[in-house]
Amino acid sequence: MQKEVVDSMAMKRALTRITYEIIEQNKGIRDIVLVGIKTRGVYVAQRIAERLQQLESSTVPVGELDITPFRDDQPLDIALAPGKYQLAFPVADKRVILVDDVLFTGRTIRAALDALMGGGRPQSISLAVLVDRGHRELPIRADFIGKNIPTALQERIKVSVTEVDGHDGIEIINDN
């Protein structure tokens, strides 16, 4: 069973709210870089960067981060061993905004933090997520949240983005 809980307009409003909060909390966008976690986190980060450009008339770099080799539930592939830095720009002395579509247990974010450290020591790292669904296993919280959607453990959140899925929206899927 699927139930749409956020349509395209509500999703756009949530991203706009995140963008304004980023500007406010950082007192502008100086030294900010956005790092999207593949796959949908990258598109969320790109949309935030576009909105920042519109509001602040300045371009914010957007990087793509594949956390696969840093996950704790996958065997370590030597070719993709931790320490292999993936971003096209260094994060040293930058205010990094790590961006993902859904925050659940916190394990993806932990892996992303491990991956980021190869690029130098950032000034700070903040987390922006489109959806926080709860059920944390690690002491990780988002600084910028588009929508809190409490879920049961047997439910999933599906974020659809036009770039991948042909439409924008957020659904709760019950696997029972």
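## Legends to the close-up views

**Figure 1. Helices α1 (8-26) and α2 each contribute at least two residues to the lining of the second largest pocket.** The structure shown is a predicted model, in which local features require pLDDT of at least 70 and side-chain atom pairs count only at pLDDT 80 or more, whereas totals for chains, interfaces and linings use all residues. Residues are numbered from 1 along each chain as its sequence is written, and side-chain values use heavy atoms, with hydrogens and water left out. Helices (H or I, at least four residues) and strands (E, at least two) are DSSP runs numbered from the N terminus. On a 1 Å grid over the protein atoms alone, a pocket is an open set of points where a 1.4 Å probe fits, with protein on both sides within 12 Å along at least five of seven lines; lining residues have an atom within 4 Å of a point. The second largest pocket has a volume of about 220 Å³, the volume being the space filled by probe spheres set on grid points that are joined across faces, edges and corners. Its lining is made up of S8, K12, L15, T16, T19, R47, I48, E50, R51, Q54 and D168. By class, 2 of these residues are nonpolar, 4 polar and 5 charged; Ala, Val, Leu, Ile, Met, Phe, Trp, Tyr, Cys and Pro count as nonpolar, Asp, Glu, Lys and Arg as charged, and the others, Gly among them, as polar.

**Figure 2. R51 in helix α2.** R51 is one of the residues lining the second largest pocket. R51 is partly exposed, with a relative accessible area of 23%; buried means under 20%, exposed over 50% and partly exposed in between (1.4 Å probe, protein chains only). Leaving aside neighbours within four places in sequence, R51 is in contact with T16, T19 and Y20, contact meaning heavy atoms within 4.5 Å. R51 and T19 are 32 residues apart along the chain, yet their C-alpha atoms are separated by 6.8 Å.

**Figure 3. The largest pocket, with about 540 Å³ of space.** The lining comprises 27 residues, of which R71, D100, D101, V102 and T108 lie nearest the pocket centre. At least two lining residues come from each of α2 (40-56), β4 (95-103), α3 (107-116) and β7 (155-160). The lining divides into 9 nonpolar, 6 polar and 12 charged residues.

**Figure 4. Strand β4 and its parallel partners β2 and β5.** Two strands pair if DSSP finds at least two bridges between them. Strands β2 and β4 are joined in parallel by 5 bridges, and L34 stands opposite I97 of β4. Strand β5 (residues 124-132) pairs with β4 in the parallel sense over 8 bridges; here V102 faces V131 of β5. Strand β4 is mostly covered, with 9 of its 9 residues buried.

**Figure 5. An open, antiparallel sheet of 3 strands in the order β1-β8-β7.** The edge strands, β1 (2-6) and β7, each pair on one side only. On average, neighbouring strands of this sheet are turned by 30° against each other, direction ignored. Axes are lines fitted to C-alpha atoms, for helices over the stretch in contact, and angles run from 0 to 180 degrees between N-to-C directions. Strand β1 is joined to β8 (residues 169-174) by 4 bridges, and V6 has I170 of β8 as its bridge partner. Helix α1 packs on the sheet, touching β1, β7 and β8, and its direction makes about 45° with that of β1.

**Figure 6. Backbone geometry at T39, S57 and D93.** Most residues other than glycine have a negative phi, and most peptide bonds are trans. The peptide bond from K38 to T39 is cis, with omega near 5°; T39 is placed in the loop between β2 (32-37) and α2. S57, which is not a glycine, has a positive phi of about 55°. This residue, S57, is found in the loop between α2 and β3 (62-65) and is exposed, with a relative accessible area of 63%. D93, also not a glycine, has a positive phi of about 60°. D93 belongs to the loop between β3 and β4 and is exposed, at a relative accessible area of 57%. Not counting residues up to four places away in sequence, D93 touches D31, R121, P122 and Q123.
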